[in-house]
Amino acid sequence: MKLTYPHMGNLDIILKAFFEGMGKEVVVPPPITEKTLSIGVRNCPEFACLPLKITLGNFIEALDKGADTIIMLGGFGPCRFGYYGQVQREIVRDMGYNPKIVIVEPPHGDLKGFIKNVVSLFPGMTLKDVIKAGKVAWQKMVYLDKMEKALLVLRAHESRKGIVTQKYNEYRNYIDRTSDVREIKRLSLEGIREMKSLTKLVDTTLRIAVVGEIYLLVEPFASQDIFRELNEQGVEVKKTEYITDVVFSCIMPWRLSKIKRAANPYLNQVIGGHAIYTIGNTRICADDGYDGVIQIFPFTCTPEVVSKAILNKMSKDLDIPVMSLSFDENTGQAGYRTRIEAFVDLLMRRRGMDLVNV
Amino acid sequence: MDIKIGIPRALLYYNHYPAWKAFFNELGGQVILSQKTNKKIIDEGVMNTVDEACLPVKVFFGHILDLKKKNVDYIFVPRVVSLERNRFLCPKFLGLPDFVKASMEDIPPIIDMDIDLYRGYGRKMRNEIKRVGRIFTDDTRKIKRAEQAAKDALKTYTEFLKDGYIPKYAMRMAEGKRPIKKSTGGSLKIGLLGHDYNIMDEYISMNIIKKINDFGGTVVTSDMLSKSAIDYGASCYPKDMFWTYGREMLGAGRYMLDNDLVDGVVLVSAFGCGPDSIIKDMVEKEYKRKDTMPFLTLTIDEETGETGLITRLEAFMDLIQWREVV
C-alpha cells in the first residue's frame with residue numbers, strides 16, 4: 001500500500017511523518033505546478049473552487065508516481081468541501097484510475113470515534129505506535145507553523161532578496177528528515193535565529209493581516225504566494241490561520257468561542273467554510289492595530305462571498321482598509337501585483353510613511 | 001394600525017411564503033410582497049451586492065430595495081440554517097441577514113428569524129418563534145396560534161405542490177381560491193431540475209416552464225416527486241448530501257433517470273452557485289454513464305440572453321420528439 005494525500009502548505013511533511021511512523025510507504029505528490037492545476041481544471045466541474053482542482057491534480061500526479069491509496073478529508077457541510085472526496089472519487093474513476101480512496105470524516109465532537117476510525121486504517125498497529133507517530137507529526141506541525149510565522153515577519157526585512165526564504169526552505173528540509181521530537185524543536189528555533197541574522201533593522205514597518213479561506217491561507221501556490229509578494233514589498237504579514245489552528249479548533253471546540261465573540265456583532269452564526277474566522281480575526285487584528293487586512297478566497301466560495309460583503313462594512317466601522325482578492329485558474333499575476341502594490345501604497349500614505357516602491 | 005411586513009419575492013419565497021404569510025397575518029401584521037422580478041430589480045440588486053454573489057442573491061437584494069420604496073415597517077429576512085435533521089442549506093442562507101445588513105444601510109429594520117432544525121423542531125425553534133412574535137403581541141396564546149397556522153399553511157401548500165401544481169398556482173389554491181388547471185403543454189414529460197428560486201422566477205428563468213409547455217412538454221419538478229422518490233435517488237450515492245435542496249436535486253435527477261419517469265431532463269443552475277457546481281456535475285456524470293436519457297444543462301446569470309435559451313431548448317425538444325418517432 002502506497003499512500004498519498006493532497007498538498008496544503010506544511011501538510012506534506014506532517015502527514016508524511018505520521019504515515020511513515022505508522023509503517024506505511026508514502027508517495028508525496030510532486031510540488032504543485034501549473035501542470036498540476038491544469039489537470040484539475042480539465043477534469044473538475046467548471047465552477048468548483050480552486051482547492052478541488054489543485055488537490056485533484058495532486059492525486060493524479062501521485063498516482064502516476066505509483067501511489068495506490070488516497071487519503072482525503074471529508075466534512076458535514078455546509079461548505080461544499082465536505083463532498084469533495086466523493087466528487088474526486090468519481091472523477092478519478094472516470095479518468096481510468098482505480099485507487100483505494102479513504103475519506104477521513106472530521107471528529108465532529110467525537111474524538112474517540114475519530115481516533116478509532118484512523119487506527120482502523122492501519123491494521124496491526126497498536127495504540128502506542130499511533131501515539132508515537134502522532135507525537136512526531138504533532139511536533140512537526142507546531143514547529144513548522146512557528147517557523148513559518150517567523151518567516152512572514154522576518155522576510156520583510158531581509159538584507160538581500162530571497163535569502164531568508166532560502167534559509168527557511170533549508171530548515172524545512174532538515175525538519176522533514178528528522179523524526180526525533182526534541183530535534184524538531186531545536187531545528188525550528190535554530191532556523192528562526194538563522195533567519196533573523198539575515199535581516200536588517202528597520203524602525204517602522206507596515207503590518208498586514210491576511211484572512212480568508214483556509215486552503216488559500218495555508219497553501220502558497222493557490223494565492224500565488226501573496227505572503228512573499230507582501231514581504232518583498234517590506235510588509236510584515238500575519239497569517240491568521242495555520243494548520244495548527246484548524247487542528248486545535250477541531251479537537252477543542254471551545255477555542256472557537258473567542259473568535260465567535262469577536263465576530264458576533266457582524267455574523268453570529270457559523271456559516272461554513274472559514275467565514276466566522278475571517279470575520280472574527282479581522283476584528284481582532286483591527287483591534288491589534290494592524291494597518292490593513294487582505295481577504296483571500298477561491299472564486300465562487302459562498303461563505304467567503306458573504307464575508308466579503310460583511311468585511312466591506314467592517315472596514316468602514318473599524319476604520320481599517322480591507323482588500324478582497326478571489327483566485328481562480330485564470331488569475332493573472334500582473335493584475336494581482338498591481339492591486340497589492342496599490343494597497344500597500346495606500347496603507348503607507350495613511351501612516352504618513354515614505355513610499356518605498358515607486 | 002397594522003404593522004406592515006415586507007417579504008421579498010425571492011429565494012425561499014417559493015418554498016415557504018404561505019407559512020410566513022399565515023404566521024404574520026395571525027399575529028395581526030399586514031404582509032406586503034415586493035413586485036415580480038424585473039430588469040430594474042435585478043439592476044439594483046447587482047449594484048448593491050458584492051460582484052461574486054450568485055444571481056439569486058442579487059435578485060433578493062433588488063427585492064429588498066423594492067420593499068424599501070413600499071414603506072414597510074419591517075422586512076422579513078429569515079436565517080434558514082437547516083430545515084431537517086443533519087442537513088443544512090447553502091451557506092448564503094445561513095448568513096443572509098448579516099449579508100443584507102452589511103451591504104445595505106438605511107433599509108427598514110429586519111426581522112431575522114433563526115430557523116434551525118438541525119437537531120429537530122425543539123425548544124430552540126419555539127423560543128425563536130416567541131421572540132419574533134413578541135414584536136407584535138405579548139399574548140403567548142396568539143403566538144402559538146400563529147405558529148400552528150404557519151404549519152398548517154405549509155402543509156396545505158406542500159400537498160398542492162406534490163399534486164403537481166407549480167408554486168404560483170399552488171399558492172393561490174392554498175389560499176382557497178378556485179382550482180386552476182395544471183400547467184400542461186403536451187404529452188412529452190420534461191424533468192426540470194433546479195432551485196425553485198431559479199426556475200420558478202419567471203424573469204430570471206425567462207419563463208422556462210411556459211416555454212417548455214409551448215414546445216409541447218409538461219414539466220415535472222422535484223417538488224412534485226414524493227419524499228420516497230427523492231430518498232431513493234439520494235441513497236444511490238455513498239455519502240448523504242448535506243444540503244436539503246441540493247439533495248432534492250440530486251435525488252430527483254437520479255430517480256428520473258432510473259425510473260423512466262420523464263422523456264428528458266433540463267437542469268438549470270445559476271452562475272457562481274457553490275452547491276450546484278457539485279450537484280450538477282454529479283447528476284450529469286450519471287446521465288452520461290447511463291446514456292439513456294436526453295439531458296440539457298442551462299446556466300443563467302444576469303447577462304443571459306433569451307434567444308440563446310430558446311434555441312437550445314427548442315433543439316432539445318426536437319431531439320426528444322425525434323427520439324419518440326424513431
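Trainee: How many residues of domain 1 of chain B are in contact with domain 2 of chain B?
Mentor: 26 residues of domain 1 touch 26 residues of domain 2 in chain B. Keep in mind that this is a predicted model.

Trainee: OK, and which helices supply at least two residues each on the domain 1 side?
Mentor: In chain B, those are H1 (13-26), H2 (39-48), H3 (55-69) and H7 (140-162). The largest share of that side comes from H3(B), with 4 residues.

Trainee: Back up a bit, where do the two domains of chain B run?
Mentor: The domain assignment puts domain 1 at 3-174 and domain 2 at 188-325. Taken over C-alpha atoms, their centres are 25 Å apart.

Trainee: Switching topic: how many residues does each chain bring to the contact between A and B?
Mentor: Chain A brings 34 residues and chain B brings 29.

Trainee: And which elements of chain B each supply at least two residues there?
Mentor: Strand E4 (79-82) does, along with helices H4 (91-94), H5 (96-103) and H13 (274-290) of chain B. H13(B) gives the most, 8 residues.

Trainee: What about the classes on chain B's side?
Mentor: Where chain B touches chain A, its side counts 15 nonpolar, 6 polar and 8 charged residues.

Key: Residues are numbered from 1 along each chain as its sequence is written. Chains are lettered from A and ligands numbered from 1 in the order in which they are written. This is a predicted model: local features need pLDDT of at least 70, side-chain atom pairs count only at pLDDT 80 or more; totals for chains, interfaces and linings use all residues. Two residues are in contact if their C-beta atoms, placed from the backbone, lie within 7 Å. Ala, Val, Leu, Ile, Met, Phe, Trp, Tyr, Cys and Pro count as nonpolar, Asp, Glu, Lys and Arg as charged, and the others, Gly among them, as polar. Domain bounds come from an automatic or database domain assignment.
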